[in-house]
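Walk through this model from its overall division down to single residue contacts. Keep the coordinates open as you read.

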Amino acid sequence: MLHIEGLRKSYGEQQALLGVDLDVSEGEIVALLGPNGAGKTTLVSIVAGLRKADGGVVEVGGVDALSRSREVRRMLGLAPQDTGLYPVVSVRQNLRLFGELSGVRRSALRQRVDEVAQALAITDLLDRQAGKLSGGQKRRVHTAIAFMHRPRLLMLDEATTGADVETRGHILDLVQRLAEQGSAVLYSTHYLAEISSLPATVAILDRGRVIARGGVAELVSAHAEPVVELAFHGDPPVLADLAAERVDGDRLRVRAPDPAALLVAVLPTLPPGSLAGVEIVRPDLESVYLALTGRRYQEADAAGAREPADEGGGAGVSAS
Ligand SMILES: Nc1ncnc2c1ncn2[C@@H]1O[C@H](COP(=O)(O)OP(=O)(O)OP(=O)(O)O)[C@@H](O)[C@H]1O
């Protein structure tokens, strides 16, 4: 449904996309992950015809999106980060207007507005003037607009940023339902943790390139392995035959494909009373990002962050 090949875009000296390849099939949800500034908005905006590419191929449903953006827009549902709503009219009128523009039949408009509003829990906002909504409320209306015509390709750009847990749940449910009906979904976010709630495959965008693509489990097993962290009272002992990395002064970190086997082997060799704690850090997308870039995702994100990242780390076990 979406085919991107060698997509490039610079803003003056600033290179935003350096040759992006990405495919999204019908019924597939692809989570486009990347820290702030990775190029997600640029990518989504080019597909939607809102920004011009410098080079490359973008096809939506087989139609060249770079030269026939008007035609492509009919197939798209887009919830961009910052599209304008019509500020002086109501939310209901905005939804009707955008629905009509994207081809929803007049006779179906009223019902579709009600359905989408209910699904996104914005029914109580329908008669409010759009320009007077809070930032979070506007974002929900943007998301609703993207769903109005059951698009063949839905693109959500950071739709859940700043959303409360309930709204986030509504959006993720709606995304899933649309994909089950056969739409392709490109779901951009910088929250790694969010992906576990979606049956999504992942494309990690970093500094203008897709550096990893596939299922979460597949990426984790290909690029990262569990780590066992041992905390000690005072200086850690030397562990013979193990490549242990010393961290935070009194901890040792050891990569371990089989953490249980490692612990069974190591624990009896430690000086009595020296061990303060054990933590098994299960690899996740964060570990994949670290393995591929050498940078921590949260730090990369914090470089341009607008809000704190909330990704969880590993599973901790206290052993004292
Ligand atoms: N209009 C612009 N003019 C100049 N540089 C831009 C412009 N828009 C984006 N950039 C730069 O291009 C790069 C990619 O930005 P983009 O907004 O696409 O990233 P992003 O992954 O969507 O980030 P975020 O998660 O913060 O929205 C960044 O370095 C950004 O500073």
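Two residues are in contact here if their C-beta atoms, placed from the backbone, lie within 7 Å. With that cut-off, Val91, Asn94, Leu95 and Phe98 in α3 meet Val141, Ala144 and Ile145 in α5. By class, this contact of α3 with α5 has six nonpolar, one polar and no charged residues. Keep in mind that the model is predicted.

Now the geometry of that pair. The axes of α3 and helix α5 (residues 135–147) come within 9 Å. They cross at roughly 30°. Angles under 35 degrees count as roughly parallel, and α3 and α5 are therefore roughly parallel to each other. Their crossing is right-handed.

Helix α3 (residues 91–101) also packs against helix α4 (residues 106–119), with axes that come within 10 Å and cross at roughly 125°. That angle makes α3 oblique to α4. The crossing of α3 and α4 is right-handed. On the α3 side, the contact is made by Arg92, Leu95, Arg96, Gly99 and Glu100. On the α4 side, Arg106, Leu109, Arg112, Val113 and Val116 take part. By class, the contact of α3 with α4 has four nonpolar, one polar and five charged residues.

Next, the sheets. Strands of a sheet pair through backbone hydrogen bonds, either parallel or antiparallel. Four strands form an open sheet in the order β2-β1-β4-β5, with antiparallel pairing. At the edges are β2 (14–24) and β5 (63–64), each of which pairs on one side only. Strand β4 (residues 55–60) is joined to β5 by two bridges. In this pairing, Glu59 stands opposite Asp64 in β5. Helix α1 (residues 40–47) lies across β1 (2–11), β2 and β4. This helix runs at about 120° to β1.

Strand β9 (residues 201–206) pairs with strand β10 (residues 209–214) in the antiparallel sense, over five bridges. Which residue of β10 is the bridge partner of Ile204? Ala212 is.

Finally, step back to the whole chain. The domain assignment gives domain 1 (2–217) and domain 2 (221–317). Their C-alpha centres lie 36 Å apart.

Notes
Residues numbered from 1 in each chain as written. Predicted model: local features only at pLDDT ≥ 70, side-chain atom pairs only at ≥ 80, totals over all residues. Pairing = 2+ DSSP bridges. Axes fitted to C-alpha atoms, helices over the stretch in contact; angles between N-to-C directions. Parallel < 35°, antiparallel > 145°, perpendicular 65-115°, else oblique. Left-handed = near helix turned anticlockwise from the far one by under 90°. Nonpolar A, V, L, I, M, F, W, Y, C, P; charged D, E, K, R; others polar. Domains from an automatic or database assignment.
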